[in-house]
Amino acid sequence: MRRGSGGTLGGKKDNKAAAAFLAPWFVGLLLVTAGPIAASFVLGFTDYNLIQPPVFNGLDNWARMLSDTRLHHALGVTLLYVVVSVPLQLALALALALVLDRGLRGLAFYRSAFYLPSLLGSSVAIAVLWKQIFGADGLVNQVLGIEGQGWISDPDTALGTLIVLNVWTFGAPMVIFLAGLRQIPVMYYEAAATDGAGKWTQFRKITIPLLSPIVFFNLVLQVIHAFQSFTQAFVVSGGSGGPSDSTLFYTLYLYQRGFGNFDMGYASALAWLLLVIIAGFTAVNFWAAKFWVNYDD
């Protein structure tokens with residue numbers, strides 16, 4: 001006779017079945033995620049060239065970061081990329097979400113079409129296409145009637161092309177903004193319009209405050225994503241971070257140290273520094289949220 005739940009025969013069978021189905025995931029978590037994370041932490045305190053056994057060197061890798069001028073430059077390039085591209089991306093995503101929220105005909109098509117760049121933006125194919133578009137003979141120069149040096153090969157504009165590429169991948173935050181806009185009660189806008197509030201006033205006093213949790217959510221996600229950008233800079237610069245290190249993202253420099261110079265111990269320490277930096281920015285965002293994020297309760 002089958003007994004009830006809570007330590008019963010049926011409950012134990014269900015637990016065993018669940019454990020059997022979850023076992024592959026836990027194995028993958030241990031071998032693919034948790035194991036490499038722990039190994040990289042240990043390697044961060046060693047001198048390791050991928051060929052010879054790692055040699056413990058204490059805090060030497062961390063001390064090297066203080067005098068590594070190329071690392072400092074990579075941090076500056078990455079920070080500029082994050083600070084400029086993320087606000088522009090979120091502003092464009094919100095603007096398009098407001099347009100789509102008006103109930104356009106064929107909304108499902110536009111929503112899918114605008115979301116597509118988010119799926120393709122970090123791919124190698126789009127990075128190669130971007131390199132051709134902004135090249136000396138690319139589409140941008142042909143449209144603008146410019147001849148000569150390409151945007152990618154100019155240190156003053158190379159990073160700007162990658163910023164434009166990141167802004168172009170606005171689809172994911174746009175869909176989230178659109179879902180948030182659909183949750184704002186229409187009666188708020190009707191009451192404001194009755195009191196004589198214009199569209200801009202409604203946007204500032206109703207839309208932004210009620211949408212601020214969604215803005216905060218998108219901000220945190222996109223900042224983390226921007227710090228982890230790698231493919232675009234690698235493909236556009238051919239892995240060098242050029243011209244003149246103008247596209248040397250932090251992740252690209254980490255890759256160069258680990259797989260270009262076979263300095264895996266230092267690269268592991270750099271990876272953990274990146275984790276600390278991202279965690280720091282995330283903590284600051286959560287701290288600042290109490291000053292501008294509004295919740296219904």
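Let's start at glycine 242. Glycine 242 sits in the loop between α11 and α12. A word on those labels: helices (H or I, at least four residues) and strands (E, at least two) are DSSP runs, numbered from the N terminus. Glycine 242 is buried, at 15% relative accessible area. Here buried means under 20% relative accessible area, exposed means over 50%, and partly exposed is in between, with a 1.4 Å probe and protein chains only.

What does glycine 242 touch, not counting residues up to four places away in sequence? Ser237 and Thr247. Contact means heavy atoms within 4.5 Å. Now look at alanine 158. Glycine 242 and alanine 158 are 84 residues apart in sequence, yet 8.3 Å apart in space, C-alpha to C-alpha.

The next bond along is one to look at. From glycine 242 to proline 243 the peptide bond is cis, with omega near 0°. Most peptide bonds are trans. Proline 243 is also found in the loop between α11 and α12.

Before I go on, the ground rules. This is a predicted model, where local features need pLDDT of at least 70, side-chain atom pairs count only at pLDDT 80 or more, and totals for chains, interfaces and linings use all residues. Residues are numbered from 1 along each chain as its sequence is written, and side-chain values use heavy atoms, with hydrogens and water left out.

Now the whole protein. The count is 13 helices and 2 strands. The radius of gyration is 24 Å, well over the 19 Å that the globule rule gives for 297 residues, so the protein is more spread out than a compact globule. That radius is taken over C-alpha atoms, and the rule is 2.2 Å times the number of residues to the power 0.38. The C-alpha atoms fill a box of roughly 85 × 75 × 35 Å, along the principal axes. Of the 297 residues, 38% count as buried. Take contacts between residues at least 6 apart in sequence: 68% of them join residues at least 24 apart.

On to the core. Which residues have the most contacts inside the largest nonpolar core? Tyr81, Phe177, Phe249 and Leu270, in a core of 57 residues. A nonpolar core is a set of buried Ala, Val, Leu, Ile, Met, Phe, Trp, Tyr and Cys residues joined through side-chain atoms within 4.5 Å. Several helices each supply at least two residues of this core, among them α5 (124-133), α8 (171-182) and α10 (199-227). The largest share, 12 residues, comes from α3.

Zoom in on phenylalanine 177. Leave aside neighbours within four places in sequence. Phenylalanine 177 is then in contact with Leu90, Ala93, Leu94, Ala97, Leu211, Ile214, Val215 and Asn218.

Aspartate 263 is in the loop between α12 (250-260) and α13 (264-292). Buried or exposed? Aspartate 263 is buried, with a relative accessible area of 9%. Not counting residues up to four places away in sequence, aspartate 263 touches Asp47, Tyr48, Arg64, Arg257 and Gly258.

Follow that to arginine 64, in helix α2 (residues 60-67). Arginine 64 is partly exposed, at 32% relative accessible area. Arginine 64 and tyrosine 266 are 202 residues apart in sequence and 8.5 Å apart in space, C-alpha to C-alpha.

Compare lysine 199, in helix α10. Lysine 199 counts as exposed, at 71% relative accessibility. Lysine 199 and leucine 159 are 40 residues apart in sequence and 36 Å apart in space, C-alpha to C-alpha.

Last, two backbone angles. Most residues other than glycine have a negative phi. Leucine 50 has a positive phi, near 75°. Leucine 50 lies in the loop between β1 (46-47) and β2 (55-56), and is partly exposed at 35% relative accessible area. Phenylalanine 262 has a positive phi too, near 55°. Where is phenylalanine 262? In the loop between α12 and α13. At 44% relative accessibility, phenylalanine 262 counts as partly exposed.
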